[in-house]
Amino acid sequence: MKKRLAVINDVPVLVKLRKQQLMDEGLPVTSNINSNIDKRLADYFTSAHADGSFISWVMENNDEIIATSGVCFYTLPPNFSNPTGRTAYVTNMYTKPEYRRKGIATELLNMVIVEAKSRGYKVIRLHTSEFGKSIYEKAGFVDTDGYMALRL
């Protein structure tokens, strides 16, 4: 298996795995014809990768993407615990079921943490499903008002 940064050519797979992640988390699939989720996700991944506000890593097995991770970079209004407001947000963490419990998500999460640190971010936040909660807790994230957070 090999991990690497996602590239624009990976967008169709990122879209597919994001949708699978949402369904696995129990979010309802709507049939609203105006939602056009595939196009919206593809547009997001393409533009956010291009402007650097989102970075994604993938894990491959025999040239097949089997897991993804991602981090969004944004700024919130400053507060006492984060005076710059700069926040990294973990998203798009997904591993195909047959590859789970092999340390893949942990390895990809570590890439996210290293990237956030290298950019000088002091706070990483995320929402988690029950599937991933233990991975984040092992990495030092703590539950804070519905979010999990890691202070760097």
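Analyst: A strand is a DSSP run of E of at least two residues, and a helix is a run of H or I of at least four, both numbered from the N terminus. This is a predicted model, in which local features need pLDDT of at least 70 and side-chain atom pairs count only at pLDDT 80 or more, while totals for chains, interfaces and linings use all residues. Residues are numbered from 1 along each chain as its sequence is written, and side-chain values use heavy atoms, with hydrogens and water left out.

User: Which element supplies the largest share of the lining of the largest pocket?

Analyst: Strand β4 does, with seven residues. A pocket is an open set of points on a 1 Å grid over the protein atoms alone, where a 1.4 Å probe fits, with protein on both sides within 12 Å along at least five of seven lines; lining residues have an atom within 4 Å of a point. The space in the largest pocket is about 700 Å³. Of its 33 lining residues, Met93, Phe131, Gly132, Ile135 and Tyr136 are the closest to the centre.

User: Why is Ser69 called buried?

Analyst: Buried means under 20% relative accessible area (1.4 Å probe, protein chains only). Ser69 has 0% relative accessibility and therefore counts as buried. Ser69 belongs to strand β3.

User: What does Ser69 touch, not counting residues up to four places away in sequence?

Analyst: A contact means heavy atoms within 4.5 Å. The residues touched by Ser69 include Trp57, Met93 and Leu108.

Key: Grid points are joined across faces, edges and corners, and a volume is the space filled by probe spheres set on the points. Buried means under 20% relative accessible area, exposed over 50%, partly exposed in between (1.4 Å probe, protein chains only).
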